[in-house]
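Trainee: I have just opened this entry and would like a guided look. Could we go through it together?

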Amino acid sequence: MNLESYITSYARVVVCLLKGAVNASDRCWNDLLHYQSEIQKYVAQIGLELIVKRDEGFAYLKQMTDEGGNTLGLIPRKPLGFECSVLAIVLREMLEEFDSNLDELYAAECYVTDKALKERIELFLPERFNRVKLLNELDTYIARMVQLGFLIEKRQDNAVCYQIHRIIKEKVTLDQLVEFKKKLESYVESV
């Protein structure tokens, strides 16, 4: 049996998309762009939508929702928890600042170290929050962000840094960023 005779020419791209975001640097990027309409028709049959952000350099699959917000449930929704939510907000805000910084105008990728994340996340925490515990467990939360595809681990000069993946702009919108900050401020005031 020859597997190639059974699969479509864009099957490998669909498999990559089902595993996570596809980036412009990935080998299947050109095939994704070439077969974009065929892939969209194919994944729509199982309640998914192909989102391609050419200018941002990535594509991903999103569940289609009806008027009531219901989906087929192919991609399970998992709550992040408070700490990961704060980290996602911090990452989104850092990317927004990076994009609006004129000094970084020609840089496409935003990098951050775990030390910078620790410093930044402390600004969001209420005074009575257990900072020591959070900072000790921050590596776990960073690993979760890598697993979710919001961060890409890179090694430079024997040090680890993280690229903030632009997909976070799709997952955490500016409206959500503002709303979360308001909720966090009211939470801090109530403590």
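Trainee: How many helices and strands does the protein chain have?

Mentor: The protein chain has eight helices and six strands; these are DSSP runs numbered from the N terminus, H or I of at least four residues for helices and E of at least two for strands. This is a predicted model, in which local features need pLDDT of at least 70, side-chain atom pairs count only at pLDDT 80 or more, and totals for chains, interfaces and linings use all residues. Residues are numbered from 1 along each chain as its sequence is written, and side-chain values use heavy atoms, leaving out hydrogens and water.

Trainee: In what pattern do they follow one another along the sequence?

Mentor: The pattern reads α-β-α-α-β-β-α-β-α-α-β-β-α-α.

Trainee: Turning to β3, is the strand mostly covered or mostly open?

Mentor: Strand β3, residues 58–63, is mostly covered, with five of its six residues buried. Buried means under 20% relative accessible area, with a 1.4 Å probe and protein chains only. Across the 191 residues of the protein chain, 34% count as buried.

Trainee: How many bridges join β2 to β3?

Mentor: Six bridges join β2 (residues 48–53) to β3, and the two run antiparallel. Strands pair if DSSP finds at least two bridges between them. Val52 has Ala59 as its bridge partner in β3.

Trainee: And what stands opposite Val22?

Mentor: Ala59 in β3 again. Strand β1 (residues 22–23) is joined to β3 by two bridges, also antiparallel.

Trainee: Which residue takes a positive phi in the hairpin of β2 and β3?

Mentor: Gly57 does, near 85°, and the hairpin has four residues between its strands.

Definitions and conventions: Buried < 20%, exposed > 50% of the residue type's maximum accessible area, 1.4 Å probe, protein only.
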